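My notes follow in the order in which I looked things up.

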Amino acid sequence: MSPPAASPRKAPPAEAGTGNAVAPKSQPQKALDKLGLRRDIDLALHLPLRYEDETSITRLADARDGDMVQIEAQVTHSEIAFRPRRQLRVTVDDGSDTCVLRFINFYPAHQKTLSVGARVRVRGEIRGGFVSREMVHPSFRAAGGELATALTPVYPTVAGLPQAYLRKAVLGGLARADLAETLPAEFLSKNLPQPLSSLREALQFLHHPTPDVMLATLEDRSHPAWQRLKAEELLAQQLSQLQARRVRAAMRAPPLRSPIHGPQCTLQEQLLERLPFRLTAAQQRVGTEIAADLTRNVPMHRLLQGDVGSGKTVVAALAAARCMDAGWQCALMAPTEILAEQHFRKLIGWLEPLGIQTAWLTGSQKAKERREALAMIESGAAGLVVGTHAVIQDKVVFKNLALAIIDEQHRFGVAQRLALRSKMTEGGEEPHLLMMTATPIPRTLAMSYYADLDVSTIDELPPGRTPIVTKVVSEARRDEVVERIRSQLAEGRQVYWVCPLIEESESVDLINATQTHEALSAALPGTPVGLLHSRMPPAEKKAVMALFTSGQLGVLVSTTVIEVGVDVPNASLMVIEHAERFGLSQLHQLRGRVGRGAAASACVLLYSTGEAPRLGETARARLKAMVETQDGFEIARRDLEIRGPGEFLGARQSGAPLLRFADLVTDTELLAWARALAPVMLDKYPELAHRHILRWLGGKAEFLKA
């Protein structure tokens, strides 16, 4: 074990008149900053990854293979060996048996402490070696001194921050932090675990648990001390979400009511008459929910969720029509140019015949086009603006924006969503905000991270969508997949082939899109094979996509650029290469690119185990889920179990951090407790609520407004 580091010291104050506001930071201080450990409470809430038991000494004769033990023994032999590679080999004897300590990386200080005759205290995992038992890279120090009375914490750390330094820093933070109770006494009696009655007791226990504790209860976080922390964290999150919702309820937005046209229909009614299909019951229901929000003078803050192909765009078009009919402008922002252009074409086809002018804004358009679009937006000639993140740039000035629609909202950062809302130019009013996602949000996630949003769900697909057969196929059967492509092409169908990388990576052995394109072009002579990836110039991407959409390309080899929104009804086969590398919701999104026409469609998940004998457990669970269900909501539920909430939150997490301690799958009772008590606490104990949010979230609660 390395010797204890000096206590972390605060930087000395700058001398008056020197102009130096802050003294230079040491390497460990910079590392603490990198971990976000800036306040005493941050240090107190930085909990161990695991624990080491240094409270007792085990005789070597009593230790079994695989045991993690602490021994006290004398060094009887020490040498630097060169086979199979340079290493330090030290033999120790505790009087009951001997053991070899083996170090691949070592320093002169190691050799000094482990010199022959020295008595040392060593902790590591006992393994059966070729000749004798051994420990590889154990921790060690000179013997002597009292044994620890509590388990030794091992903390998450970064380079430049030794455990000894971090332990002292955490201990200091724990001693200095204001851990005064913020939960009212009446809350503590409502289903909250009682054995540890205060946050301070819970934290002190988790940083230094007693040796008699069942380690399993610490590892699975079921111990009452963990329950107390998780309850407090969930309450802070619910308080901040509810506070954000109440702040928004106090804001004002323009009520979007259609003018009375006499015998003439409203714009929405005209649009519905022109559509070549009837809305599903689910589309009608969510359309009514959105329309009700838009007539109010409080800003709408609604998430429209629906599975792949459920028809969210037409619902957005009806909301836009209501906005423009009331005399205001609407903006729709999508994360990629391909998706934005697809929305643009659909909306033009629906709205232009009704006399609506639409402006198109992306970062790649020519200067003249851009100037014309900006002029249309500023004058109000363009009732609808569609584009990528270019919509939120400083030069874009709206005449009277009242509705902002953000597609695939999790792909945008908090700052980008706030920037679009700030485009409202009327006196002090906010635009209505409609966010859309094709990644359905599981109920527990909607209750926690999206508690500040109203959620509308399109839970049925339009008629005519064909079921997609999903097959999991080994890379070894690649030739059979190519044969399947030939048969689809012979029937006049089109095929997607998705690759996870654009170019070779030394660290990840994947076949890239360029090589796959070349291989398929050679294997399918006479068939035009297209290539699409994110590094291509926008004009080239657009041209390739147009060729595929028009049916001039039989096969499109692509990276995940085509993950969302691309709609080619004639495409009937999707091959996803290295499917084991993709997240579950991403696989589901990609699969949704086929099955959009009348032809039977299939999705082939081509996997590779590399040098491993079989796929890892997580990858197997993802591929199994894909075969078993096409229901996006069931996919979302399983994805939450497998991966946690990150996949669903996307860029939202840059403002609202993922839960550090609570688990949305297992802690549903604690979440229900927090949801029930948050409004009571805000109403009856506003000062305690403020302190509680500040303790757990710091300034990050501000981002929840996005």
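The model is predicted.

**Entry 1: helix α13**

I looked up which residues of α13 are buried, and found R370, A373, L374 and I377. Viewed down the axis of α13, these buried residues fall within an arc of 100°, so they line one face of the helix. That pattern is what I would look for, because an α-helix has 3.6 residues a turn and residues three or four places apart point the same way. On the face of α13 turned away from the buried side I noted the exposed residues K368 and R371. The cover over the buried residues of α13 includes the strands β11 (329–333), β12 (358–361) and β13 (384–387).

I then checked the length. Helix α13 runs over residues 367–379, which is 13 residues, and reaches 18 Å from its first C-alpha to its last, close to the 18 Å expected at 1.5 Å a residue. After α13 comes G380, with a positive phi near 90°.

**Entry 2: helix α10**

I repeated the length check on α10, residues 281–294. Its 14 residues should span 20 Å at 1.5 Å a residue, and its end C-alpha atoms are 20 Å apart, which agrees. The buried residues I listed for α10 are A282, Q283, V286, I290, A291, D293 and L294. Down the axis of α10 they fall within an arc of 165°, so they too line one face of the helix. A281 and T288 are exposed on the other side of α10.

What do the buried residues of α10 pack against? I found the strands β10 (301–306), β14 (401–407), β15 (432–437) and β16 (454–458), together with the helix α11 (312–325).

R221 has a positive phi near 60° and is not a glycine. I placed R221 in the loop between α7 (215–219) and α8 (224–249). With 28% relative accessibility, R221 counts as partly exposed.

H578, also not a glycine, has a positive phi of about 50°. H578 sits in the loop between β21 (571–577) and α19. Is H578 buried or exposed? At 7% relative accessibility, H578 counts as buried.

S558 is in strand β20, residues 555–558. I read 0% relative accessibility for S558, so it counts as buried. Leaving out residues up to four places away in sequence, S558 touches W497, V498, C499 and L532.

L532 came up again when I looked at A543. A543 and L532 are eleven residues apart in sequence and 9.9 Å apart in space, C-alpha to C-alpha. A543 belongs to helix α18, residues 538–549, and counts as partly exposed at 41% relative accessibility.

L605 is in strand β22, residues 601–607. L605 is buried, with a relative accessible area of 0%. Which residues is L605 in contact with, neighbours within four places in sequence left aside? I listed T470, K471, V472, V473, I576, A579, L587, L623 and M626. I also took one distance: L605 and R591 are 14 residues apart in sequence and 9.5 Å apart in space, C-alpha to C-alpha.

**Entry 3: cavities**

I counted two cavities of 30 Å³ or more. The largest cavity has a volume of about 40 Å³. Its lining consists of A438, T439, P440, S585, H588, Q589, G632, I635 and A636. The elements that give two or more residues to this lining are α19 (584–591) and α21 (632–643). I sorted the lining of the largest cavity by class and got four nonpolar, five polar and no charged residues.

**Entry 4: the whole chain**

Last, I noted the totals. The protein chain has 24 helices and 22 strands. Of its 706 residues, 52% count as buried. Among the contacts in the protein chain with a separation of 6 or more, 76% are between residues 24 or more positions apart.

Conventions
Residues numbered from 1 in each chain as written. Predicted model: local features only at pLDDT ≥ 70, side-chain atom pairs only at ≥ 80, totals over all residues. Heavy atoms only, no water. 1 Å grid on protein atoms, 1.4 Å probe; cavity = no way out; pocket = protein on both sides within 12 Å on 5 of 7 lines; lining within 4 Å. Points joined across faces, edges and corners; volume = space filled by probe spheres on them. Helix = DSSP H or I, 4+ residues; strand = E, 2+ residues; numbered from the N terminus. Nonpolar A, V, L, I, M, F, W, Y, C, P; charged D, E, K, R; others polar. Expected span 1.5 Å × (residues − 1). Buried < 20%, exposed > 50% of the residue type's maximum accessible area, 1.4 Å probe, protein only. Arc of directions from axis to C-beta. Contact = heavy atoms within 4.5 Å.
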